[in-house]
Each structure stands twice: as structure tokens, then as C-alpha cells.
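User: I would like to go through this model with you. Please keep the answers plain.

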Amino acid sequence: MTKSPLVSIIIPTYNRAHLISETLDSVLAQTYQNWECIVVDDGSTDGTDQLMASYCAKDSRFHYHHRPDDRLPGGNAARNYGFDVSKGEYVQWFDSDDLMVSNRINSYIEAFNKNNVDFVISKSKFFNCRNDNKSYSFKNSEISFLSFSIGNVSWITNDFIVRKRVVKKIKFNESLKAGQEYNFICKLLLISEKSFFINEFLTLRRYHNESIQGERNLNKFHNLNMRFYAYWSNYLDIKDLAKMSCFDKFALQTCSSAFLMSKNKIKLPRHFYTEIVKVFGYNSFFLFLAIISNKFFNKYHKPYLIFKKRVHD
């Protein structure tokens, strides 16, 4: 007999009372029934309390919490707190403005039952704007820490469900302002690469200007600055765990490209050049040349250094 383990759906939210109802209704519509949905409020002021009270009264599988005052503000702390109070064997983090396809959780559990894996991945697509789904053109055999960390394969937090015991020792980095999902998944893949990919769109994402992606698209410099610090912070956080020169080179080259594209306007952190020289050695000269050219001539030749993005066996 196929078992029906408890699945914990963890949803951080902030001032989404006008949107989260659709998200929660898509949870209610799941064909798989053994779930708990933990909504963690990050300090909303828009009536989210009243809305959540109605859902908790409607169905006892909904649980509503406020982020404790002793935790840093932000979605990362809300995700971590939701994990701390969750009781499921499997954990699914989800966004408060996106929707679940009705067979989503059931498809995940079937994949776990048929495969000896630690996490299962599916695909997302926007339901209210044009899609570019090239990110999901990969196979199960291509999923690894290195392939994800350098961008050969890609997915987001909404896309995967994981065994709780596998991620007990890792958390979302609460100090990060960008790249927190990328950082978390990198750390997950350093623990386990035992995964299964469902080649189906099981999440419907909402695009709007208030979303993180929408804000990035509206402001080029903001986008570049966030990209720089996402990869720089991730590099500092896991370079000693990964111990892979390809990862080091990719992370620092991505930071360098963002800096040059910003016309040298991004404020470089301390020790950035030290890390560049340590990782690239004499080839660092080409980056410094590009920076000087960018400063005085407002143009540069891309310093590819010695890194090739695509990894071959």
C-alpha cells in the first residue's frame, strides 16, 4: 500500500492579503490530502491576520504564525521559522503570490515512492506574462552541485520538495538580500545530489512589478548590484565547503561581469581583489585591464580569464 506521509507547505508572506487567497485556494485544491500549510507573516499591515483567521477556521490544516521579534526581518527568517515548527516528513517552501497545479503534491509523493531520492524537482511557468522556459532543459543525470552552481541547470525554491531530515542542518541565510534561494539549493546539493526531475509545469508563477524579479527588470543597476552581491555572498558562504576551482572561477567571474556592466559603479567589498588574484593568478591582469579601460574609455573587452562556463566530462 502506498503511504501518505505528511507534507509541510511553508509560505512566508508580507502584505499579500490581496493575493494569498488564490495561493491558499490552490493548496486546498490539491488532490493529495495529507498536508499542513504553515503561513509565516513577516510583519504585514494589510489585513493578513483577518484573512488567515478565516482560512484557519475553515480548515485545521492551515497554521498561521508571525515571525518572532528575535528573528531578522525578511522572507528567509520566515522560511526558517516555518521549518522549525513544521511536522511533515517532506518540506515544500512556496511563495505567497504563486499557484499550485492541483496534482502537484501527489506527483511529488509518487516520485518519492518510486525513486530512492532525497528531493524532487518540477517546473514553473508564469500564468500572466510571456514565458522563457529554457532554464528547465536538463536531465536527471545532469543534476549536481557544480552544474547548478555554474548555471548549467536551474530551478527555484517553489520547484522542489525535500525530505526534512536531509535539510535539518542547513538554513536559508537570513542576512542575504538576494540569491538566498540559489545559496540554499547550492548547500542542499553539497549534502545530496539524489534527486528526481518531473518534466511538468506544476507551479504557476505570478509576474508583477512588486515581485523581486519585477523590481530587477525595472532597474538595471539594482539588478546588477543584486547579482554581484548574490554571487559574492554565496561564494564566501560555501567556497570552503565546495572546494571546487570551477565554482570559484564562475562565481568571481560573474561578480566581475556585473561590476563591469555597471560601469564600475558597484561598490566592491573588501578582499574582492585578493580573492580574484588567489583564484585566477596571473590571469587577473586581464580583469584589471578591463576595469581601467572601463573607467577611462567607458568600454572594455570582456575578460573571460581562463574559465569556460560549460562543464564537460
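User: Is Cys246 buried or exposed, or in between?
Analyst: This is a predicted model, and in it Cys246 is partly exposed, with a relative accessible area of 31%.

User: What about helix α9, how many residues does it have?
Analyst: Helix α9 covers residues 245-261, which makes 17 residues. From first C-alpha to last it reaches 24 Å, close to the 24 Å expected. Of its 17 residues, 13 are buried, so the helix is mostly covered.

User: Which residue takes a positive phi just after α9?
Analyst: Lys263 does, with a phi of about 65 degrees.

User: Changing topic: what is the strand order in the open sheet?
Analyst: The eight strands run β3-β2-β1-β4-β7-β6-β8-β5, with mixed pairing. At the edges are β3 (62-66) and β5 (99-100), each of which pairs on one side only.

User: In which sense do β1 and β4 pair?
Analyst: Strand β1 (residues 7-13) and strand β4 (residues 90-93) pair in the parallel sense, over four bridges. Ile9 stands opposite Gln92 in β4.

User: Now the charges. How many salt bridges are there?
Analyst: The count comes to 13 salt bridges. One of them joins Asp84 and Arg71, with the closest N and O atoms 3.4 Å apart. Asp84 lies in helix α3 (residues 75-85) and Arg71 in the loop between β3 and α3, so the pair ties together parts 13 residues apart in sequence.

User: How accessible are Asp84 and Arg71?
Analyst: Asp84 is partly exposed at 41% relative accessible area, whereas Arg71 is buried at 19%.

User: Which parts of the chain does the Asp237 and Lys187 salt bridge link?
Analyst: The closest N and O atoms of that pair are 3.6 Å apart. The pair links distant parts of the chain, with Asp237 in helix α8 (residues 220-242) and Lys187 in helix α6 (residues 180-191), 50 residues apart. Asp237 is partly exposed, at 30%, and Lys187 is buried, at 13%.

User: Last one: which residues make the nonpolar surface patch?
Analyst: Phe285, Phe286 and Leu289 make the patch, of about 320 Å². Phe285 is found in helix α11 (residues 284-297) and counts as partly exposed at 48% relative accessibility.

How values were computed. Residues numbered from 1 in each chain as written. Predicted model: local features only at pLDDT ≥ 70, side-chain atom pairs only at ≥ 80, totals over all residues. Heavy atoms only, no water. Buried < 20%, exposed > 50% of the residue type's maximum accessible area, 1.4 Å probe, protein only. Helix = DSSP H or I, 4+ residues; strand = E, 2+ residues; numbered from the N terminus. Expected span 1.5 Å × (residues − 1). Patch = residues over 30% accessible without salt bridge, like charges linked within 9 Å, V, L, I, M, F, W, Y side chains within 5 Å. Areas by Shrake-Rupley, 256 points an atom, 1.4 Å probe, with all protein chains shown as cover. Salt bridge = Lys/Arg side-chain N within 4 Å of Asp/Glu carboxyl O. Pairing = 2+ DSSP bridges.
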